[in-house]
Amino acid sequence: MRRVLFSVGLLVLFTLSGCKRGDIPAHILARVDGKAITLEDFNREFRQMRLENEFSPGGHEALMEMKERFLEQMVEEALILEEARRLGMTVTDEELEAEVMETKSDYKGESLRDYLSSQGLSFETWKKRVKERILIEKTIQTGCHFDGTITTEEARAYYDAHREDYLLPERVRARQIVVASERNAKKILRELKAGKEFEELALENSLGPESAFGGDLGYFARGDMPGEFDVVFSMEKGEISKPVRSPYGYHIFKVEDKVRGRQLTFEEVADDVKRKIARIKSEQLYYQWLEELKKNAKIEINHRLLEYTE
């Protein structure tokens with residue numbers, strides 16, 4: 001999946017409803033400790049976000065809500081960049097180049113510069129935004145990263161309170177033959193009943209990409225595949241289904257194996273639980289840290305001007 005190039009995407013969006021407009025010039029949407037976010041700044045960034053994410057709101061109310069949230073994000077970025085300057089945080093040339101090269105590797109068969117140009121963005125402007133994103137991430141890590149120890153007792157208490165999150169669902173390993181017509185599906189089913197091998201018929205007839213592997217779909221749980229595939233969960237091991245219609249054609253399934261669902265033990269998931277708790281604690285620290293930045297900053301918002309943004 002192509003990474004988002006134009007927005008920072010922080011962990012949370014805090015409300016700025018308590019911030020006052022003050023005496024802001026008509027073309028300025030917000031000021032953060034005197035640093036202005038102009039109407040032009042907002043329109044440019046919001047346009048790029050919509051292009052990158054192909055965002056299309058359902059109506060005026062939804063669009064205005066998105067604009068409010070995006071402006072809040074821009075204010076957050078300004079707050080954190082100001083904190084980065086206060087702390088003397090920097091981004092090295094090596095850090096920036098590594099991020100640029102990683103992004104370039106996502107663009108097989110096309111130039112990153114050409115893609116940016118098609119989005120109305122110069123390479124240098126984009127590179128500046130990448131540098132700001134790295135600086136923001138580094139500042140967040142410095143200000144609110146949890147690096148303490150999660151004890152086994154704390155992890156076990158979390159596991160006991162969230163046991164439903166650690167259920168391993170029932171899984172089935174199945175094969176399929178998918179063809180375009182019901183007539184062809186019934187013909188294949190007759191051949192299967194006559195003793196012909198499922199794998200051989202899948203290789204010869206199936207339209208699915210897994211036909212090269214004898215129709216083997218591997219193991220999957222309910223919800224991993226289209227709803228029509230759920231028929232296999234009511235079948236026995238070795239059983240072959242009747243033709244099942246779906247938007248893709250007519251399927252014949254064979255169940256190769258069934259694995260019952262079970263509760264994962266604490267010992268199996270202890271490391272995952274500890275990582276989850278650490279993420280939760282980091283988010284809590286982020287809320288507190290960002291709220292402290294907000295309290296110590298002078299933030300002015302001209303909400304009415306959002307009506308006149310693009």
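Arg 245 stands opposite Tyr 250 in strand 7. Strand 6 and strand 7 run antiparallel and are joined by three bridges. A hairpin of two residues links strand 6 to strand 7. Helices (H or I, at least four residues) and strands (E, at least two) are DSSP runs, numbered from the N terminus. Two strands pair if DSSP finds at least two bridges between them. The model is predicted: local features need pLDDT of at least 70, side-chain atom pairs count only at pLDDT 80 or more, and totals for chains, interfaces and linings use all residues. Residues are numbered from 1 along each chain as its sequence is written, and side-chain values use heavy atoms, with hydrogens and water left out.

Strand 7 also pairs with strand 4. These two strands run antiparallel and are joined by nine bridges. Val 172 stands opposite Lys 258 in strand 7. Strand 4 (residues 171–179) pairs with strand 5 as well, in the antiparallel sense, over four bridges. Here Arg 173 faces Tyr 219 of strand 5.

Together, four strands form an open sheet in the order 5-4-7-6, with antiparallel pairing. Strand 5 (216–221) and strand 6 (244–246) stand at the edges; each has a single partner strand, so one side of each is left without a neighbour in the sheet. On average, neighbouring strands of this sheet are turned by 45° against each other, direction ignored. Axes are lines fitted to C-alpha atoms, for helices over the stretch in contact, and angles run from 0 to 180 degrees between N-to-C directions.

Two helices pack on the sheet. Helix 7 (residues 182–193) touches strand 4 and strand 7 (249–259). Its direction makes about 40° with that of strand 7. Helix 8 (residues 198–205) also touches strand 4 and strand 7. The direction of helix 8 makes about 45° with that of strand 4. Contact means heavy atoms within 4.5 Å.

Helix 2 (residues 60–87) has 28 residues. From first C-alpha to last, helix 2 reaches 41 Å, close to the 40 Å expected at 1.5 Å a residue. The expected span is 1.5 Å times one less than the number of residues. Gly 88 follows helix 2, with a positive phi near 75°.

The axes of helix 2 and helix 9 (residues 266–295) come within 10 Å and cross at roughly 85°. The two helices are therefore roughly perpendicular (65 to 115 degrees). Helix 2 contributes Glu 76, Leu 79, Ile 80 and Glu 83 to the contact. Helix 9 contributes Tyr 286, Trp 289, Leu 290, Leu 293 and Lys 294.

Definitions and conventions: Angles under 35 degrees count as roughly parallel, over 145 as roughly antiparallel, 65 to 115 as roughly perpendicular and the rest as oblique.
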